[in-house]
Amino acid sequence: MSSRSLLSFRQERAEKRKERLAAARSAKRAKTFKAIKAKALSKSMATKAANSGLAFQHIRLAFTRKGKDGVKTLLKGTKLRTARVTASSRIIDSICGFLEK
């Protein structure tokens, strides 16, 4: 095996490992949405939030600090330079209603 192909093989393995780790982290974050999925959030929206790096604790903390505006800012991803999850007021209201209980 030439040194060039060995290098590309190593890079490919490293990329695959990074992808597996990212998928595992995302799956772990998605599990944190278990309680809210049944009541206020669809499975696909919970997965989208988890893939963006958010866990349910982040949404709860944003709600505790700034209420609906905090959740809206967090999920829109405008000021915090995070990935946009949703800007739907219906979904944000549903999440906030769940957190108020």
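Reader: Are Phe-33 and Phe-56 buried or exposed?

Author: Buried means under 20% relative accessible area, exposed over 50%, and partly exposed in between (1.4 Å probe, protein chains only). In this predicted model, both Phe-33 and Phe-56 are buried.

Author: Residues are numbered from 1 along each chain as its sequence is written, and side-chain values use heavy atoms, with hydrogens and water left out. Local features need pLDDT of at least 70, side-chain atom pairs count only at pLDDT 80 or more, and totals for chains, interfaces and linings use all residues.

Reader: Which aromatic pair does Phe-56 form with Phe-98?

Author: Rings of Phe, Tyr and Trp (its six-membered ring) pair if their centres lie within 6.5 Å; planes under 30 degrees apart count as stacked, over 60 as edge-to-face and the rest as tilted. Phe-56 and Phe-98 are edge-to-face, 6.3 Å centre to centre with 65 degrees between the planes. Phe-56 lies in helix 4 and Phe-98 in helix 5, so the pair ties together parts 42 residues apart in sequence. Helices here are DSSP runs (H or I, at least four residues), numbered from the N terminus. Phe-33, Phe-56 and Phe-98 form one aromatic cluster.

Reader: How many salt bridges does the structure hold?

Author: Side chains of opposite charge can pair when their charged atoms come close. A salt bridge is a side-chain nitrogen of Lys or Arg within 4 Å of a carboxyl oxygen of Asp or Glu. The structure holds 2 salt bridges. Glu-12 meets Lys-16 at 3.5 Å, N to O, and both lie in helix 1. Asp-93 pairs with Lys-68, their closest N and O atoms being 2.5 Å apart.

Key: Helices (H or I, at least four residues) and strands (E, at least two) are DSSP runs, numbered from the N terminus.
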